[in-house]
Each structure stands twice: as structure tokens, then as C-alpha cells.
Amino acid sequence: MDKKGNPQIDLSQSVDFLVFWGLKTDVKAFCNQNRREKTVQLCNLSRTEKTMIRVNNLIKNYKKVEALAGVDIHVKPGEIFAYLGPNGAGKTTTIRILTGLTQASSGSCCINGFNIEKEVRQAKQQYGLVPQAINLDQELTVQENLIIHGWLYRMKSSEISSRIDALLDYVELLEKKKSQVKTLSGGMKRRLMVARALLHGPKVLFLDEPTVGLDPAIRRKIWALIKKIQTGGTTIFLTTHYIEEAEFLADRVAFLDQGRVVALDSPERLMESLGAWAIDRLVEDGMETVYFKTRNDAERFNTLKSEQYTLRRVNLEDAFLDLTGKKVK
Amino acid sequence: MIHGIIAIYFREMLILRRRLTRQIPSWSISPFLYLTAFSYAVGHGVEIEGHTYMEFLIPGLIAMSSMTQAFAIASEINIARFYWHIFEEFQASPISKVSYVGGEVLAGMTRAMLSILVIMALGFLFGVRLNYGLAFFIALLLNSFVFASLAVALAMVVKSHADQSMLNSFIITPMAFLGGTFFPIDRLPSWAGAFLNLLPLTHASKAIRAACLNQPVSIFSYVLLFAIGVLFFSVAVRCVEKAKD
């Protein structure tokens, strides 16, 4: 309704309705074509530059909520790229757009030089996805889950069989090949999801919170597996809110806050900017953290103050906190 | 495209195979009760168009069961989508939307055909001999095609598994009772008959019954079912695209 109380028509919704029935308006078709031409050009550029993932000015709006507000990322071949941020920062939205599960409002995404909107099938062949939620067929066996994946990716039966054995051995699940998925533990299911994502030999592996809900021992086993996959030449795009996970695994880290990348560098360089040591101490209005270049400086500072304190090394969380004023949770 | 259809179909069949021992009794129980209650208790001594009520009822039950079992694929899709999140695996894979819909529709049609075999066997046990020829199977395939396609489309539109049971109550249950399954619709007032003639199940019941009872079949019913099936299939493909967000 306008100020005078007259009903107003939401043209964007009308256009969406027409698009649903295949009656695209000239305006929308023209805009889409223009956008696609530009993004294909960018993807061609990323092919020549040898960028494995190229994201340019990615924007995603959900009605009135701006989930992504212009994200730019370039991921190099063979690196582990961690995408770090608190819950609701837009990590999963980015992965969903990059893997074609969600439509971007604007911007472009290329995987190994293929545009995810324009060259959908080629782009989808380039990556494997391990989503946050376990999405295996629980009633089927480990082998059956993998066979279905192979068929979805147009693999030949002989190729599927040989890859299944090799990958199950790789993720240490070969003896579970004939077991129903529902009989596996949480960690085994995660490893099976990784094996499934690797079955068709993707160049890029997207891992969306791969260790969420797992106990520390299993988490470390998954980390070792991720490192092993990287040594095989696969590029890994990882989202996590576990600081130590990003610190241990990532070659480069992007901090995401409120839909924006606020910092992008190697974990070491992001932490270096603060110092090497930190003291957490209780103050009147909560906790204060002070950073120091050396341990000696930190200890000297503490002798001057008598409050309760903790001396520790600087971590990525400190860098994130320093940039955004928030903790990664 | 074929690879995608096979993958989706193969998955549904693997799941069905695991459940088959539980599924067959569940497919048998309703037709058995209908045959016992309606045929022996209610329809005893009743004759319709020169046939016993049992001969009239079994083709209706076949039409109804092929509809409900084809439509039941919607529940499987919803479980995969909302509970197991497997739909994301299909969305992320390089298969086309037509392949996805094709695979699910074929799976729905297969479920329908298997459930019909159970009714045919029950009919045989109840001593009813009907003509199960080519016209019968074509009508059956078309009916299950229509409702499996509708099921895929609606499964993409609903927002939760609870919505699915609401659709069953509003669409499938009324159609099951009013689509010429248990009684001839020409016995109803003309306005009601005209309305019920708009339902695809009415045409499926007519076509299946005519084929079973060696009566002349109406080509119009076959053409109409095919056209509605194609329409629902294309809507289902559109709905898969819209299910992206």
C-alpha cells in the first residue's frame, strides 16, 4: 500500500511469476544475458590466470536480509582456503551459491574457469561437496551410496567399482563397504561423505563445517584426511567456525562478517599483525586481552599488574576479534 | 540425461527393495478390506451394468491404488529432502531437472505397478477373472504417470513433511472416493457427474474398467490422461528449478 492507502503491485514478484511459467520478460532476459556475458568473460580470465575459484562481487539478498554484501575471493590451485566467520555470517550461503544450490542475487562465480550459472554441468563436474548436514542414504550400504553418486556424475560402471575400492581404502572404510550407512558412527559418515565427494575426481572440494559435532579425536582424523587430499593436488574450500581447524589446515583464511570479507591472508600473517603472545585478564567490565611481540614483554607487563590472568599465544580468534569486535562462534 | 534418470530411479528402487517385505503387506491390507467390506457386505447381490459388484470394484481399486502409490513417491521425496537432505546431493550434481523428475516419476510408476500386481493377485484369490490386456496396462501406466508427476511437482512446492499429508487429505482422498472407483458416477446428479468428469482418476477408472470388462474403450480418456501427465511433468520440472532456494 502507498501513503494514500492505494494497493501497489510488486513488479519483481510479477516477473518471478512470469519466469516460473517460462514467460521471461525482455528486461529480465536482457539483464541476465548481460550479466552472464560478463561473468563468462571473468571465468575465461580465471582460466588463463589459473585461479581455481573466482568469486566477484557476490551479493545475496533474502527478502530484506543481506546475506552476502559483495564478496570477492580468488582461490589458487592446490591450496586449502578457509572461510571463517560466526554463525550467520554467510559462509554456507557462499558455498551454496558456489555449488549451484542457491541463486546469487548478483555477482559471478567460476570454478576452474567454468561459470556456475552459464556452464552449469561443466562447473558441477569440477567440484565435490561435503555439506554441513549428513546427507547420505541411511538405508543403503556404503557401496550403494557411492554407486549412485557415480551414476549422477556419468561415470562408467568399471570406473565406479575401481574408484570405490580405492577411495574407501583411502578414508579407511573399506571393511564397511557392504554395511548400511545407519550402522556407521558420525566420524565414519563424515569420511564416507568425503569419499563420495571425491569419487568423480573433482578439482575442488567444498567442505562446509566438516567436523561440526565430532569429538576432538575424530576431528583430528578428519584434519589428517583433508591434508592428505591436499597433497593429492585437490583445492579445498573449507568453512568452519573452529579457529584451531583453520589455523592447522589453511594456507589462507578469509574472515567473513555480516556478509563481507573483512580480512584475507595466511593465518600467520593475520596473527602477526597483533603480536605473538596475549594476556587475557579480568577487568571491571569483563575480559581484556593485551597483545605482545615477545613472551618477555608479556611477563614483564604482568608483573606490573596483579590481577588474575592467562598467558597464551595469539590465535586467529584474536585477529578476528580485533577486526570485528566479535568472537567466532 | 539417461544417466541421471537411471541414478535417481536406481536409488528409489534400492530403497524399495529394502522395504519390499514390509511394503507388500501394506499394499495388500487396504484392497483386502475394501474387497471384503464393500464386496461381500455392501455389494452382495448388487449388479452394475451386467457385472457383479466385485467385477465393478476391482478395476476401481486398481485405478485408486495406482493413483495413491504413484503419488506416494511425494513422501519419499520429502523424506529425502527435509529429513535426509539427499535432495542437495542431486541439486549439486550435473544432472538436468528433467532427469531428476523423470527418475522420480518412473519410480512412482513402478511402485504403482507393483501395488497393482498385489490387487490382481487378491482379485484372483477372490475368484474374479478380468481381462488384463494391453489397453489395461496402457491406462494404468498413464494414470500412474499423471499422479507420479503431480507428486513430484507438489513435493517441490511443500515446505515441510507435514504439508504433504495435508495434500493427501485435500487431493488424493476425495479423488479416491469420487473418481468412479466405488460407484458409477452417472448415478450422481448431472452437475456432480460433470464435475467429477474433470478429475483424471474418473477417466482412469473408466478406461481401466472398460479394458478389464472387455467393453469398448474411450480413446479420449487415454489422450486426456496423457495430456494431463505431460502438463504435470512440465510443471514438476519448473518446480524443481524453483526449489533451489
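Three strands of chain A, in the order β12-β11-β13, form an open sheet with antiparallel pairing. The structure is a predicted model. Chain A also holds an open sheet of 4 strands, ordered β2-β1-β4-β5, and 38 of its residues are in contact with 32 residues of chain B.

- Strand β11 (residues 277–283) of chain A runs antiparallel to β13(A), and 5 bridges join the two.
- A:Trp277 has its bridge partner in β13(A), namely A:Arg313.

**The four-stranded sheet of chain A**

- In the sheet ordered β2-β1-β4-β5 of chain A, the pairing is antiparallel.
- Pairing on one side only marks β2 (65–75) and β5 (114–115) of chain A as the edge strands.
- Strand β1 (residues 53–62) of chain A is joined to β2(A) by 8 bridges, and the two run antiparallel.
- Within that pairing, A:Val75 in β2(A) is the bridge partner of A:Ile53.
- Helix α3 (residues 91–98) of chain A packs on the sheet and touches β1, β2 and β4 (106–111) of chain A.
- The direction of α3 in chain A makes about 115° with that of β1(A).

**The interface between chain A and chain B**

- Chain A and chain B bury about 3,200 Å² between them, with 57% of it on carbon and sulfur atoms.
- Between the two chains, the count of residue pairs in polar contact, both at pLDDT 80 or more, is 10.
- On the side of chain A that touches chain B, the elements giving two or more residues are α1 (11–20), α4 (120–126), β6 (127–130) and α5 (142–152) of chain A.
- Helix α5(A) provides the largest share of that side, with 6 residues.
- By residue type, the side of chain A that touches chain B comprises 17 nonpolar, 11 polar and 10 charged residues.

**Salt bridges**

- Side chains of opposite charge can pair when their charged atoms come close.
- The count over all chains comes to 20 salt bridges, and the count between chain A and chain B is 6.
- One salt bridge between the chains joins the side chains of A:Arg196 and B:Glu89, at 3.7 Å from N to O.
- Within chain A, the side chains of A:Glu244 and A:Arg219 meet in a salt bridge at 3.4 Å, N to O.
- This pair links distant parts of the chain, 25 residues apart: A:Glu244 is in helix α9 (residues 243–249) of chain A, and A:Arg219 is in helix α8 (residues 216–231) of chain A.

- Most residues other than glycine have a negative phi.
- A:Arg154, a residue other than glycine, has a positive phi near 60°.
- The position of A:Arg154 is in the loop between α5 and α6 (157–170) of chain A.
- In chain B, His85 is not a glycine, yet B:His85 has a positive phi of about 60°.
- The loop that holds B:His85 runs between α3 (73–83) and α4 (87–92) of chain B.

Methods. Residues are numbered from 1 along each chain as its sequence is written. Chains are lettered from A and ligands numbered from 1 in the order in which they are written. This is a predicted model: local features need pLDDT of at least 70, side-chain atom pairs count only at pLDDT 80 or more; totals for chains, interfaces and linings use all residues. Side-chain values use heavy atoms; hydrogens and water are left out. Contact means heavy atoms within 4.5 Å. Buried area is the accessible area (1.4 Å probe) that two parts lose on being put together, summed over both. A salt bridge is a side-chain nitrogen of Lys or Arg within 4 Å of a carboxyl oxygen of Asp or Glu. A polar contact is a pair of N or O atoms within 3.5 Å; within protein, one must be able to donate a hydrogen and the other to accept it, and residues adjacent in sequence count only if both atoms are side-chain atoms. Ala, Val, Leu, Ile, Met, Phe, Trp, Tyr, Cys and Pro count as nonpolar, Asp, Glu, Lys and Arg as charged, and the others, Gly among them, as polar. Two strands pair if DSSP finds at least two bridges between them. Axes are lines fitted to C-alpha atoms, for helices over the stretch in contact, and angles run from 0 to 180 degrees between N-to-C directions.
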